[in-house]
Amino acid sequence: MTTPILRDFPSRIETQRLTIRAPQAGDGAENCAAILESLEELRPWMAWACDPPSPEDQEAVMRRAHADFMSRTDLMLLLFLKGTNTMVGSSGLHRIDWHVPKFEIGYWLRTSYAGKGYMTEAVNAIGDFAFDTLGAHRVEIRCDERNTRSAAVARRCGYELEGVLRKNARDHLTGELENTMVFARIKA
């Protein structure tokens with residue numbers, strides 16, 4: 001197996017309506033704007049969305065994410081309307097195990113772009129990228145059992161519910177134990 005940092009693969013995916021790409025220096029302000037617009041919808045599911053971010057903080061996040069992408073330790077991907085600098089959300093391939101290889105897709109969508117099929121389009125493209133380009137044998141999507149919108153994306157994209165991890169994590173807002181649904185696609 002090639003050492004992950006030596007693996008060459010594209011940092012950009014094009015779909016019908018989206019450009020999906022690795023973070024770059026300068027993406028912090030647009031990422032910050034998308035998060036601020038969506039904070040109320042993100043807060044229940046994302047611990048990092050409890051407090052409003054600043055553009056400077058998000059610029060640092062983007063630069064670290066770019067470094068992680070280059071080192072192949074985490075593959076954050078930003079979702080832009082094709083041909084624009086309008087960020088509609090973020091996704092990526094996380095919790096990477098290059099020995100299998102397997103990945104977990106995480107995602108969130110900017111509030112003003114919800115309900116228009118953008119996340120389904122992105123998750124399908126990112127999953128195909130994982131299998132076809134990165135040689136994945138397994139791709140997972142995990143979400144809080146109460147997050148019905150995230151689970152609906154997984155189901156629409158053909159991920160099977162393999163099980164529910166009961167009381168496996170603490171809710172970052174209430175401290176209550178929560179259940180996590182595990183969806184997966186495996187290499188055909």
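Visitor: What makes β7 and β8 a pair?

Guide: In this predicted model, β7 and β8 are joined by seven bridges in the antiparallel sense. Two strands count as paired from at least two bridges on, so β7 and β8 qualify.

Visitor: Which strand does β8 pair with through Arg 138 and Ile 186, and in what sense?

Guide: That is β6: β6 and β8 are antiparallel, with seven bridges. Ile 186 in β8 is the bridge partner of Arg 138.

Visitor: How do you know that β5 and β6 are paired too?

Guide: Three bridges join them, and the cut-off is at least two, so β5 and β6 count as a pair. Here the strands run parallel. Lys 102 stands opposite Arg 138 in β6, and Glu 104 has Glu 140 of β6 as its bridge partner. As for burial, β6 is mostly covered, with six of its seven residues buried.

Visitor: Why are β1 and β7 called edge strands?

Guide: The open sheet has eight strands, in the order β1-β2-β3-β4-β5-β6-β8-β7, and its pairing is mixed. β1 (12-14) and β7 (160-170) each have a single partner strand, so one side of each has no neighbour in the sheet. From one strand to the next, the twist averages 25 degrees.

Visitor: What makes Glu 178 a buried residue?

Guide: Glu 178 has a relative accessibility of 15%, and buried means under 20%, so Glu 178 counts as buried. This glutamate lies in strand β8. Beyond its neighbours within four places in sequence, the contacts of Glu 178 include Asp 144, Arg 146, Arg 166, Lys 167, Arg 170 and Asp 171.

Visitor: Why is Thr 15 called buried, although this residue lies in a loop?

Guide: The value decides: at 12%, Thr 15 falls under the 20% limit and therefore counts as buried. The loop in question is the one between β1 and β2. Leaving out residues up to four places away in sequence, Thr 15 touches Ile 20, Lys 82, Glu 121 and Ala 125.

Visitor: And how do you know that Ile 126 is buried?

Guide: Its relative accessibility is 0%, and the limit is 20%, so Ile 126 is buried. Ile 126 lies in helix α3. Setting aside neighbours within four places in sequence, Ile 126 is in contact with Ile 13, Ile 20, Leu 77, Ser 91, Gly 92, Leu 93 and Ile 105. The C-alpha atoms of Ile 126 and Ile 13 are 7.9 Å apart, while 113 residues separate the two along the chain.

Visitor: What makes a group of residues a nonpolar core here, and which members touch the most others?

Guide: The residues must be buried, of nonpolar types such as Ile, Leu, Val and Tyr, and joined through side-chain atoms within 4.5 Å. The largest such core has 40 residues, and Ile 20, Leu 93, Ile 105, Val 123 and Tyr 159 touch the most other members. Elements that each supply at least two residues include β2 (18-21), β4 (87-97), β5 (102-109) and α4 (148-156). The largest share, nine residues, comes from α3. Val 123, apart from neighbours within four places in sequence, is in contact with Ile 105, Tyr 107, Ile 141, Val 153, Cys 157 and Tyr 159. Another core, of 13 residues, lies apart from the largest one, with Ala 34, Ala 65, Met 87 and Trp 108 among its members.

Visitor: How do helices α1 and α2 pack, and what makes up their contact?

Guide: Helix α1 (residues 28-42) and helix α2 (residues 55-71) pack at about 115 degrees, with their axes 7 Å apart. The crossing of α1 and α2 is right-handed. From α1 come Gly 28, Ala 29, Asn 31, Cys 32 and Ile 35, and from α2 come Pro 55, Gln 58, Glu 59 and Met 62. By class, that contact has five nonpolar, three polar and one charged residues.

Visitor: Where does α1 meet the sheet?

Guide: α1 packs on the sheet by touching β3, β4 and β5, and its direction makes about 85 degrees with that of β5.

Notes: Residues are numbered from 1 along each chain as its sequence is written. This is a predicted model: local features need pLDDT of at least 70, side-chain atom pairs count only at pLDDT 80 or more; totals for chains, interfaces and linings use all residues. Side-chain values use heavy atoms; hydrogens and water are left out. Buried means under 20% relative accessible area, exposed over 50%, partly exposed in between (1.4 Å probe, protein chains only). Helices (H or I, at least four residues) and strands (E, at least two) are DSSP runs, numbered from the N terminus. Contact means heavy atoms within 4.5 Å. Axes are lines fitted to C-alpha atoms, for helices over the stretch in contact, and angles run from 0 to 180 degrees between N-to-C directions. A crossing is left-handed if the near helix is turned anticlockwise from the far one by less than a right angle, and right-handed if clockwise. Ala, Val, Leu, Ile, Met, Phe, Trp, Tyr, Cys and Pro count as nonpolar, Asp, Glu, Lys and Arg as charged, and the others, Gly among them, as polar.
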